[in-house]
Amino acid sequence: MKIMFVCLGNICRSPTAHAIAQKRAIEQGLTYITFSSSGTSGYHVGEHPDERAITHGAQHGYDLSRLTAQRLTQDDFYEQDLLLTMDEQNYQDVLAMQPSDATASIKRLLDYHPDPKFAQVPDPYYGGQAGFDAVIAMCETAIDALFSELGNK
Ligand code: 4NP
């Protein structure tokens with residue numbers, strides 16, 4: 001199974017979710033899932049994640065340092081099984097790009113978060129350091145819930 005996390009720039013939120021999922025899948029023995037991430041924009045293609053995302057990830061035990069930003073492509077709609085968006089704008093942008101015969105499912109990551117108050121992962125790019133920790137906490141909770149749903153199938 002192939003899961004891709006999608007945000008706008010692929011330098012803050014989706015690489016954070018990617019690194020969290022990769023680590024927790026190994027810990028939980030979910031070796032049949034492979035993870036990737038991308039952005040709906042091409043602004044940061046080829047760059048490593050934002051320094052703040054790398055630093056905050058490392059403080060929580062997640063290694064983002066080797067990831068590089070890529071843009072979501074048409075091929076991803078066929079090669080991936082599940083595209084998980086971070087906020088509502090990402091979700092609408094991905095739906096707008098979706099080919100009519102796409103095979104990937106498209107969902108919002110926080111659809112899996114047990115608390116409906118968390119509907120979107122806010123963009124931390126223009127905010128303070130606390131935003132990066134908030135992203136990590138929301139992604140951890142939603143990813144654990146996703147994994148338990150997958151594990152129950
Ligand atoms: P991300 O954050 O979508 O979580 O990677 C952003 C990074 C860069 C920009 C916007 C959001 N930007 O406009 O450059």
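In this predicted model, helix α2, which spans residues 51–59, packs with helix α5 at an angle of about 55 degrees, and the axes of the two helices lie 9 Å apart. The two helices, α2 and α5, are therefore oblique to each other, and α2 passes α5 in a right-handed crossing. On the side of α2 the contact involves Arg52, Ala53, His56 and Gly57, which meet Phe132, Asp133 and Ile136 of α5. When sorted by class, the residues of this contact between α2 and α5 comprise 3 nonpolar, 2 polar and 2 charged.

Helix α5, residues 130–151, also packs with helix α1, residues 13–27, here at an angle of about 45 degrees and with the axes 9 Å apart. That angle makes α1 oblique to α5, and α1 passes α5 in a right-handed crossing. From α1, the contact is made by Arg13, Thr16, Ala17, Ile20, Ala21, Arg24 and Ala25, whereas α5 contributes Val135, Ile136, Cys139, Glu140, Ile143, Asp144 and Phe147. The residues in the contact of α1 with α5 divide into 9 nonpolar, 1 polar and 4 charged. Ile136 of α5 takes part in the contact with α1 and also meets residues of α2.

The largest pocket holds about 180 Å³ of space, and its lining is made up of Cys7, Leu8, Gly9, Asn10, Ile11, Cys12, Arg13, Tyr43, His44, Asp123, Tyr125 and Tyr126. By class, this lining has 7 nonpolar, 3 polar and 2 charged residues.

Key
Residues are numbered from 1 along each chain as its sequence is written. This is a predicted model: local features need pLDDT of at least 70, side-chain atom pairs count only at pLDDT 80 or more; totals for chains, interfaces and linings use all residues. Side-chain values use heavy atoms; hydrogens and water are left out. On a 1 Å grid over the protein atoms alone, a cavity is a set of points where a 1.4 Å probe fits but cannot get out, and a pocket is an open set with protein on both sides within 12 Å along at least five of seven lines; lining residues have an atom within 4 Å of a point. Grid points are joined across faces, edges and corners, and a volume is the space filled by probe spheres set on the points. Ala, Val, Leu, Ile, Met, Phe, Trp, Tyr, Cys and Pro count as nonpolar, Asp, Glu, Lys and Arg as charged, and the others, Gly among them, as polar. Axes are lines fitted to C-alpha atoms, for helices over the stretch in contact, and angles run from 0 to 180 degrees between N-to-C directions. Helices (H or I, at least four residues) and strands (E, at least two) are DSSP runs, numbered from the N terminus. Angles under 35 degrees count as roughly parallel, over 145 as roughly antiparallel, 65 to 115 as roughly perpendicular and the rest as oblique. A crossing is left-handed if the near helix is turned anticlockwise from the far one by less than a right angle, and right-handed if clockwise. Contact means heavy atoms within 4.5 Å.
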